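Visitor: I'd like to go through this model with you, starting with charges and rings. Can we take the terms as they come up?

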Amino acid sequence: MSSFQKENDAAKSLFRRLEFAVTPIVSGDYSHHRDRATMASRVSFTQVRLEVELERYRAECQWDKMPAIIDQMQAARFHEDDDYGTLMMAEALLEECLQENMDLLRRATPLLDKTQTRLYRAKGHLNTILSRGRLTPRYLNEALLLMAKVHYVQGRYRDAQGMCARVGLEELTQDDQPTYHLRLLAEGFVIKGLSLDHQIVSSVSRVRLSEREEESLSCYLRACDAALSFLQELDKTVTTPHAKTAKANLLPPPVEMDLGYFLQAALQSAYICLLRRGHLAQGAHQLRRVLRVVESRGSQSFRKSAARKLAGVLLSSVSEDSYWPPLGPPPSAWLHREGAAASKDAIYPTVRPPQRYSTECCFCPQDVVEEALLLLLITESMVSYTHTHTCTQPACLLSNVSPNFHTVSQTFLCFPTCSLSPSSSSLSVSLFIQASGEAVISRLPDQAEARQASLQDATSVYDLLTIGMARRGQYAMLSECLERAMKFSFNEFHLWHQLGLSLMAAGKFEEAEALSQSVVSMGEGAGELLPRAYLALGLCCSLQASDASLKADRNDFNKRALQALSKAHSLDPLDAQIAMYLALQLALVRQVSAAMEPLQAALTLHGDDLHSLHLLTLLLSAQKHYRHALDTVGLALSQHPDNFNLLFTKVKLEEALLGPAVALQTCEEMLQRWQSRYDVSRSSETDDSSSTPMAERTEVSPGGRKPSIHLTLPDFQDASTGSLSPSSVAVSRLDAALSEVSDISSSRRQGPTYIWTTLERIWLQAGELFMADSRLKEAQFCIAEASSIFPNSHSLLLQRGRLAELRGQLDEAKGLYDEALAIHPTGERILVHMGRLLVRTGRVHLGEKILRDAVQVHSTSHEAWSGLGEALQSRSASQAPDCFLTALELEASCPIRPFTIILREL
């Protein structure tokens, strides 16, 4: 079939469709033709084709192609008796003018006729059209909407509102109309809402002001739904080919949508208005609504902005306790605070809502951080890269993005049932993420503006990701995300610095050191951030020194760390953090007296700093000033009462100064503090496992639950004799306590690992104190409590081995030490106890080897040197005195707890 015949058939089909089309806007019955009885003889197929082409260009906002079609119509003498061509030309001129002045429109700067030639010509055409009145009602309405747009961009907001009132936007129906009518409808609503907001209200009463705000908000909500419906309908017309053209593969590729100012305003004004007025719950609800809308071509940029905004609102304004599910309405308490009885979308229903994804069989976030991270990971994929990912953890928040994600900007709520199925333990799903606007990496001068906008988008997303992932402790994943940003972050210090910090937090010290060194090499180019770069470099070297297994490497890293930190301190002596970490590094190499000077400077600058006070406590204990150290830790606890790290230090000081009995009282207080903080009001904010089920979350409230476990130190001594023989009451209490502890199974240990590690450490510390007080029964009870939490931890196995050794069960103790070494081969205390046990049981050479390993890895451990001296002395080796002397020297500067307990982080 010839191309002419194909065109003729297509024109005939379009003619028959248009002939029977009815689209009431203002009044009467109309179509593309005013008189159906006579149009068949008057309208040629060429005219129909040109008009349909114009409709398509208007729908796709291809304004630059419209003048050529209008010229063809004028040359063919179509529409000589009306102003149809003039209307089309006016719209094309107006829209091209608005595209050129987006920045002025965003700043609400009025456009002037004398500086905007296209605007002047479009305004003249529209005035001519409206004065003649030769258009049909349908096109007259379009002219009124265009004139309203002209009035708005020129700052005549009351006139713009009046034009919208003449059209009667509220009575418009959206059924059986051309696609571009939905765009005009959305723009009309948003122009009316913006005009109401811009009008001066100084003389308006408070009641009238409230009514005006409600009216503008209703316009924004309807504009948003109309704009989303327009984009969806446009997708249908562009992506649904004719049967014949589809077979011949003649369908032109979709044109990228460039949303104009008013269409962007229609999409965003509703949630921006709500958030600006302080209605956080309703604003978040509106953002969730638009993110559940089926994705369409042209909406990806908007969805990216909406997802980023929603994540920011969730992280900054919604707590764990006040979080509500994404599919539900805002809580009544939130609405009451915002002065609303229901969400605005329920009060102002739209005429034709956009199509939304089904919510059946979908994965739904269970807490605020989970939802925010899903949003941000989706957004990050849209601003940075094209990526293919294989997910092996169904329904897992901490996969790159959520599993089986059909398209990157599809709503985060829509994940298939299989991702939540218990049987799908290893679901492998290919995820194809296509960034709608891939990050601009070109360094050409004409791309500078686009590159800067791309960088700003990425920076805002990565800053929020840093906040969210830090709450989860997912630093490794954060560093991976930031690495993807490096391709468009040349010479952008902030993102490179964030990457360095994330690498340090993730334990990737070599990469972090290399990155910090590259920043340091910039010299003066790094500006005021150069001291921070030296600080990062020093901490990287310090952390590598702690991990080094060879003494030469350890000494080299310590030397480089001191040099970098000293340089940082010389560049910025008023930075308290730099001074504190310089003091810590000096303490780590046992220059205790030298560490006091920078620490005093840090405390002078920041007297209540937690790490500085803790370091001062450890330095005082290293100088054997235990009373002063205890007073200092008491001062620190008065300002940081819930810090368990300080409390463990206090326990050690009390044991050394006042005896195990006093220290056990502090352990009892720690158990109660842990219970009041973590067990009564569970929080999954830093959950690094799966989500908490909703049914369990609703049971967790600050005042409505009893403690799930009983945390009290045992006391099995007979009050009259002090005997270790337990009475019947003590036995029953032990059985009851162990029964309660058995409830702390892996299924009930919700929340982050560190809180349960803290509880285990409290029980093990109490057990150690009981052993020091020769109360082995109570020590066994504490170990049993710890065993119910992490039954295979190396700390627990070490404690069980010590208890067995005290009871004379040496073979059992050796087996437990072996298990602990298999889990943690470089553990200082494990190596020391194992070596001494082997020496004690006659296996001197093996014990000596293990103690030498301990000395090699932990060269500042006086216990390891002392144990090695004992092993050498048992076989009359001449090096034994040297080992004892080294142990004495190291013990003289040994703190009550290792200096490494102070976190080295930025």
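Guide: A charge sits over a ring if NZ of Lys or CZ of Arg is within 6 Å of the ring centre and within 35 degrees of the ring normal. The charged end of Arg-761 sits over the ring of Phe-648, 4.1 Å from its centre. Likewise, Arg-337 lies over the face of Trp-334, at 4.9 Å from the ring centre.

Visitor: And the ground rules for the numbers?

Guide: This is a predicted model, in which local features need pLDDT of at least 70, side-chain atom pairs count only at pLDDT 80 or more, and totals for chains, interfaces and linings use all residues. Residues are numbered from 1 along each chain as its sequence is written, and side-chain values use heavy atoms, with hydrogens and water left out.

Visitor: OK. How many helices and strands does the protein chain have?

Guide: The protein chain has 40 helices and two strands. Both are DSSP runs numbered from the N terminus: helices are H or I with at least four residues, strands are E with at least two.

Visitor: What percentage of the residues count as buried?

Guide: Of the 906 residues of the protein chain, 52% count as buried. Buried means under 20% relative accessible area, exposed means over 50%, and partly exposed is in between, with a 1.4 Å probe and protein chains only.

Visitor: What share of the contacts is between residues 24 or more positions apart?

Guide: Such residues account for 69% of the contacts in the protein chain with a separation of 6 or more. Contact means heavy atoms within 4.5 Å.

Visitor: Salt bridges next. How many does the structure hold?

Guide: The structure holds 41 salt bridges, each being a side-chain nitrogen of Lys or Arg within 4 Å of a carboxyl oxygen of Asp or Glu. One of them joins Glu-96 to Arg-118, with 3.2 Å between the closest N and O atoms. That pair links distant parts of the chain, 22 residues apart: Glu-96 is in helix H5 (residues 84-100) and Arg-118 in helix H7 (residues 117-132).

Visitor: What about Arg-802 and Glu-768?

Guide: Their side chains meet in a salt bridge at 3.8 Å, N to O. This pair also links distant parts of the chain, with Arg-802 in helix H35 and Glu-768 in helix H33 (residues 753-772), 34 residues apart. Both residues are buried.

Visitor: Which residues are linked in a network of salt bridges?

Guide: The network contains Glu-55, Arg-58, Glu-91, Glu-95, Arg-138, Glu-142, Lys-149, Arg-183 and Glu-187. Arg-183 and Glu-187 fall in helix H10 (residues 179-198). H10 is mostly covered, with 18 of its 20 residues buried.

Visitor: Back to rings. How many aromatic pairs are there?

Guide: A search of the whole structure finds seven. Rings of Phe, Tyr and Trp (its six-membered ring) pair if their centres lie within 6.5 Å; planes under 30 degrees apart count as stacked, over 60 as edge-to-face and the rest as tilted. The rings of Tyr-152 and Phe-262 have centres 5.5 Å apart and planes at 70°, so that pair is edge-to-face.

Visitor: Where do those two lie?

Guide: Tyr-152 lies in helix H8 (residues 137-153) and Phe-262 in helix H13 (residues 261-276), so the pair ties together parts that are 110 residues apart in sequence. Tyr-152 and Phe-262 are both buried.

Visitor: What does Leu-615 touch?

Guide: Leaving aside neighbours within four places in sequence, Leu-615 is in contact with residues including Met-580, Leu-599, Phe-899 and Ile-902.

Visitor: Last one: where is Ile-789?

Guide: Ile-789 is in the loop between helix H34 (776-787) and helix H35 (794-806). Its relative accessibility is 0%, so Ile-789 counts as buried.

Methods: The expected span of a helix is 1.5 Å times one less than its number of residues.
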